[in-house]
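Subject: Structure handover

Hello,

Here is the structure I said I would pass on. My notes on what was found in it come after.

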Amino acid sequence: MDNSDTGGHMLAKLNESLRQDVEELVPWFYAHMPEYYFRTHSEQEQLDHLHAIVSARVRTEKQTVTLRSPCGTRVTHLMPGAGMGKVVETVSTLAKERIQTARLYSSDDMSFRLDTYLLGAQPLCTRESKDFNDAVQAIGEAGLMPVASSEDFKHFLSTASEDYVAKFEPGRAIRHFELCNCVQGTERVHLRLDSEAMPGSDRVMVAVANPPKRGVLLAALKIFSREGCVIQRAYGDEFDHNGENLLVMSFYLDSSQTGLTQESELWKRIARQLKTIKWFAFHGLERFAEDNGWEIGRVMLMQAACEFAHQFLIRKNMYMYTSSTIVRAALKHRDAVALLVRYFETRFDPDFVGERDAALETVREEIHEALRDVTDDVERKILGYILRFFRHVLRTNYYMPERFGISFRMDPKVLPKLEQEEPPYGFYCFH
């Protein structure tokens with residue numbers, strides 16, 4: 001048999017193999033991918049994705065494939081499974097990138113994910129474009145836009161990217177328009193929970209004015225992952241609106257698992273943390289959230305305490321008491337750190353139930369016993385300075401619901417004595 005015969009034989013076998021894969025994949029794909037995927041992806045994009053799934057054997061051999069556009073600004077991850085760990089992992093690879101648009105989808109049988117990210121500043125649409133005029137017409141036909149707001153909406157739409165308008169969906173755009181109006185000119189993170197927004201799904205929307213350029217989506221995804229929420233699909237879009245950069249993220253969660261309501265404890269816990277994502281910087285102490293179930297607000301409290309200890313201890317030995325050394329000590333002695341935080345929260349929790357003074361005395365004794373068990377002098381000194389910080393806080397905004405950071409009024413007695421100078425009446429720490 002010559003090479004041409006062999007090649008023809010192999011071609012026939014390859015065609016048959018691909019035919020079988022395609023005949024199995026395509027019906028499954030159109031039966032199990034979310035409807036919104038097909039609304040927001042062209043026929044050519046669907047073909048490209050199907051070709052990649054077959055070629056990389058994503059479903060049959062559990063391979064993961066990444067597609068990148070020639071210019072590098074469009075990245076699509078296709079992967080088996082729908083676990084949040086994989087989503088966080090893939091977004092982490094883009095942590096140094098500015099994600100202007102994100103579209104995340106899982107199949108309804110939770111066996112497959114398809115996530116697309118547009119990186120960097122994307123071209124804005126123009127009012128003269130066909131997509132823009134088609135979008136405006138679609139809003140009118142849907143009857144969603146009050147006449148008085150039509151010009152405002154057109155202006156809003158002109159601040160969106162070409163991709164956003166090309167993949168236009170009227171209901172989603174109106175929700176974004178309303179949220180951007182709510183958050184524009186403010187510093188807070190605006191949240192909106194729509195329980196059972198669609199059958200089987202709770203929708204959580206997060207809007208931020210002038211967010212950090214990087215990491216906001218990752219921070220939100222980490223919060224949902226730690227709280228055991230599985231995201232069925234999610235979107236993130238930026239708008240350059242009236243001189244402000246506005247970000248709107250939408251997350252669709254499986255309501256059979258979460259069942260979020262305004263009164264549920266899970267929603268309150270998620271909401272408290274989402275409100276911090278504009279100001280929380282990724283940090284080694286985030287391991288307390290990953291491993292110990294801490295909320296981000298408590299991690300930020302420990303960041304502030306470690307920074308306070310660092311400011312005092314570097315005067316003793318700047319090489320021995322580095323920031324990384326202090327973080328390692330806190331992570332090494334987690335039981336002692338938990339006691340220190342309990343001491344602070346017992347002092348200031350406005351909803352504390354019981355005899356506060358007796359509870360403080362008990363936890364103080366437990367702290368001193370824990371510190372005696374720390375054999376390393378450097379680590380014991382670090383934990384002691386964190387206790388010193390918590391003991392000398394006079395007032396704090398830690399329990400205020402809409403705070404932008406953490407602030408503390410400190411007792412001047414914590415400062416070293418200055419010769420021939422009166423101590424300050426008070427001083428403040430801000431984190």
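**Salt bridges**

Arg192 is partly exposed, with a relative accessible area of 25%. Arg192 forms a salt bridge with Asp194, and the closest N and O atoms of the two are 3.3 Å apart. Asp194 has a relative accessibility of 17% and therefore counts as buried, the cut-off for buried being under 20%. Please keep in mind that this is a predicted model.

In total, the structure holds 33 salt bridges. Another of them joins Glu295 to Arg272, with 2.6 Å between the closest N and O atoms. This pair links distant parts of the chain, 23 residues apart: Glu295 is in the loop between α11 (287-292) and α12 (296-313), while Arg272 belongs to helix α10 (residues 265-274). Glu295 counts as buried at 17% relative accessibility, whereas Arg272, at 44%, counts as partly exposed.

Lys154 is partly exposed, with a relative accessible area of 24%. Glu151 counts as partly exposed too, at 48% relative accessibility.

**The eight-stranded sheet**

Eight strands form an open sheet with antiparallel pairing, in the order β1-β2-β4-β3-β7-β8-β6-β5. Its edge strands, each pairing on one side only, are β1 (65-68) and β5 (189-198). From one strand to the next, the twist averages 15°.

Helix α8 (residues 170-183) lies across another set of strands, namely β5, β6 (201-209), β7 (231-241) and β8 (244-254). The angle at which α8 runs to β6 is about 40°.

Arg192 and Asp194, which form a salt bridge, have numbers within the range of β5, 189-198.

**The three-stranded sheet**

The other sheet to look at is open and has three antiparallel strands in the order β9-β10-β11. Here the edge strands are β9 (393-396) and β11 (427-430), each of which pairs on one side only. Direction ignored, neighbouring strands of this sheet are turned by 30° against each other on average.

Strand β10 (residues 407-410) runs antiparallel to β9, and three bridges join the two. Thr396 stands opposite Phe408 in β10.

Which helices lie on β9 and β10? One is helix α14 (residues 334-348), which lies across both strands and runs at about 65° to β9. Another is helix α16 (residues 377-392), which packs on the sheet and touches β9 and β10. The direction of α16 makes about 65° with that of β9.

Regards

Technical notes. Residues are numbered from 1 along each chain as its sequence is written. This is a predicted model: local features need pLDDT of at least 70, side-chain atom pairs count only at pLDDT 80 or more; totals for chains, interfaces and linings use all residues. Side-chain values use heavy atoms; hydrogens and water are left out. Two strands pair if DSSP finds at least two bridges between them. Helices (H or I, at least four residues) and strands (E, at least two) are DSSP runs, numbered from the N terminus. Axes are lines fitted to C-alpha atoms, for helices over the stretch in contact, and angles run from 0 to 180 degrees between N-to-C directions. Contact means heavy atoms within 4.5 Å. A salt bridge is a side-chain nitrogen of Lys or Arg within 4 Å of a carboxyl oxygen of Asp or Glu. Buried means under 20% relative accessible area, exposed over 50%, partly exposed in between (1.4 Å probe, protein chains only).
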